[in-house]
Amino acid sequence: MDPEVSPCHDFYAHACGNWSAAHEKDPYRSLLEQLDFEYQERLAKVLEGETSGKEPRFLQLPFDFYASCRRSLDIPQVLVFLKQLVTHPQLGNNELTVALTAAFRLKVLVEMGGKKMQNIWLQLLLRSIPEWNSNETSREPLQRHQFELLWLPATARGRLSTEVFWQEVSQLEEYMMQEDVVEDESADEDSLLDRQHIPAFWMLPWRRSPPSVSYIRHMAVRLSEKPPEFLIPYILLRLRLAAGAGAGAGDAEGEEVAGAKPWQVSRSECAEQTRQLLSHPSVWLLEKDQPRLPEEPMLQGIFQTLKHRFGQKLRANRNGFGRNSLKFLLSKLEHMTLRLSILPRQKSVHSLERRIERHYHDLHLNASDYFGNLLAALKHSTDQQLRLHSLLRLFLPWLGNAQTKRGQPLPVEVHGFGSFGSPFYMLTTNTLVVPLSLLGPPLYSPGQSELLTYSSVGFILGHELSHGFTPEAALFDSRGREQLGTALELVRNPRFREQGTCLRRRFGAEQLEEKFADANGLELAYSAYFDAAEGDRRWDENSIEPGPTTMLRRQHFFLNFAQFFCSDEDSSQDNDDHGTDRRRVNDAVADFEPFRQAFNCPKRWYEKYIKRTQCRLY
């Protein structure tokens, strides 16, 4: 906390002001990252142990991947892999992910595609590692005679002719070496970069004059426009040049590159990649001794309380919904379920093993081939997602239930739901999923007070519950089917449409759903804990530490809620869906009258603020 900052002015700074200083030496940058880091440390410990040899085949996959990830890596291995990769008939984002990981020695999997590519290149261009020896790469433009020596006939595979590829290379490198790519650059921008800056492991052309931020930005844009079928062979050319293959002495890329040292991915990062790519076997390894979480009845009870509170809000019918629409929404709420873990927890061990084995039956890994394993696992994950999001299911989403029905392992996304500790809502099955890795200290400890549980886990469950009733999700029933008649009635409802427009104007279309879920989730968790209502659980004075007044207890509730979002200032970057951690906290409490009362914020300021910004869908 930072008591010097007024909670009414900036509640995030008040609740999290000293978090960065307190965690300066820790390997994580937020509470959620802390939970993931500790989970991955446990996984690494398991994967470094011995196997009995009697485990199902799918359990050998994470051991093989982790072992390959922890092996020493070097440039000759990268060159051998890239030479094989460029002969593939198709080169897409998965192949580019592995190529960039290998060439630029990335230790965290990047998410390729769309708008993300510009940001990825920007990070590569700005990356600085003091211990890197810049003499191990060549940053001069390719000459035609060098290109002729470096070019591998098998590279094109019918994609581009040698001459066309050379023309693209020469045009790109000419652009990269220009001294006047950008004009009218400010001194402030120039001061952000070291005048001698060379990006770590950079093997593409680099101009001799000092780089500027604007130059870096333009380079990132230009490189992001290039497709994988050009970038991967081009990166191979540049690495072969550094290895001496273009010097006229034959193919020498099997030799060590001068000054290049082997490298190794850390145990925590290898465990993270294992969890991302092989989520089900990884979760099984850590959860197989926990067939049922002791706290599950308590969590299910909180979930039912939150559903009851939201049901009361729906029945109040502030929007004036018709009978059919209201019945539709209440039915969806009634059938909404909570699932702990991405694995089904009601199946026998043997039954669950069979299901996971089927999920990974076509994936084969080699304990000594890290880059090959990376590509194979990424392709497997992509194939699973394509099956789930096929064109047919886009039009008939209820057919997707065959993949995610009760008792099946949930499909996960490498960079999305299921591969980290973040909870998520599944529209096709109307299910909230909470990974067990989320339920650990400092977020949750067995026996902690209900105030702490409701203000953290209660908020999280309320947030995900709310995702089922956003302006778009509310049009789908509990089986993921869009009900056109009810949908028309909802979108034509004047107040519902007006409040949706209010959220869209205030936060933008990209953040509308998350901002609604934050505000509604906080309101549900607060009312579930504090408000007395027929059929609700009432908070017990004896269930929390004696002494604090009601005012202090309410302050404690909001502080514990906000501290779930504490993070390093440098890592709390804005993103398309959620906004910064600071904005998430401050936006959620800004419209909430109990918060103003708890911290005695000036009513005059508060009324002026909410008059302009308050949006309530229900």
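Helix α24 passes helix α25 in a right-handed crossing, meaning that the near helix is turned clockwise from the far one by less than a right angle. The structure is a predicted model, where local features need pLDDT of at least 70, side-chain atom pairs count only at pLDDT 80 or more, and totals for chains, interfaces and linings use all residues. Residues are numbered from 1 along each chain as its sequence is written, and side-chain values use heavy atoms, with hydrogens and water left out.

The axes of α24 (residues 512-530) and α25 (residues 550-563) come within 12 Å and cross at roughly 145 degrees (axes are lines fitted to C-alpha atoms over the stretch in contact, with angles from 0 to 180 degrees between N-to-C directions; helices are DSSP runs of H or I, at least four residues, numbered from the N terminus). On the α24 side, Leu522, Ala525, Tyr526, Tyr529 and Phe530 meet Arg553, Arg554, Phe557, Phe558 and Phe561 of α25, with contact taken as heavy atoms within 4.5 Å. That makes eight nonpolar residues, two charged and no polar (Ala, Val, Leu, Ile, Met, Phe, Trp, Tyr, Cys and Pro count as nonpolar, Asp, Glu, Lys and Arg as charged, the others, Gly among them, as polar).

Helix α24 also turns up around a cavity: α24 gives the most to the lining of the largest one, with six residues, while α23 (494-507) and α26 (581-590) each supply at least two. Lys515, Phe516, Ala519, Cys615 and Arg616 lie nearest the centre of this cavity, among 18 lining residues (a cavity is a set of points on a 1 Å grid over the protein atoms alone where a 1.4 Å probe fits but cannot get out; lining residues have an atom within 4 Å of a point). The lining splits into nine charged, eight nonpolar and one polar.

Notes
1 Å grid on protein atoms, 1.4 Å probe; cavity = no way out; pocket = protein on both sides within 12 Å on 5 of 7 lines; lining within 4 Å.
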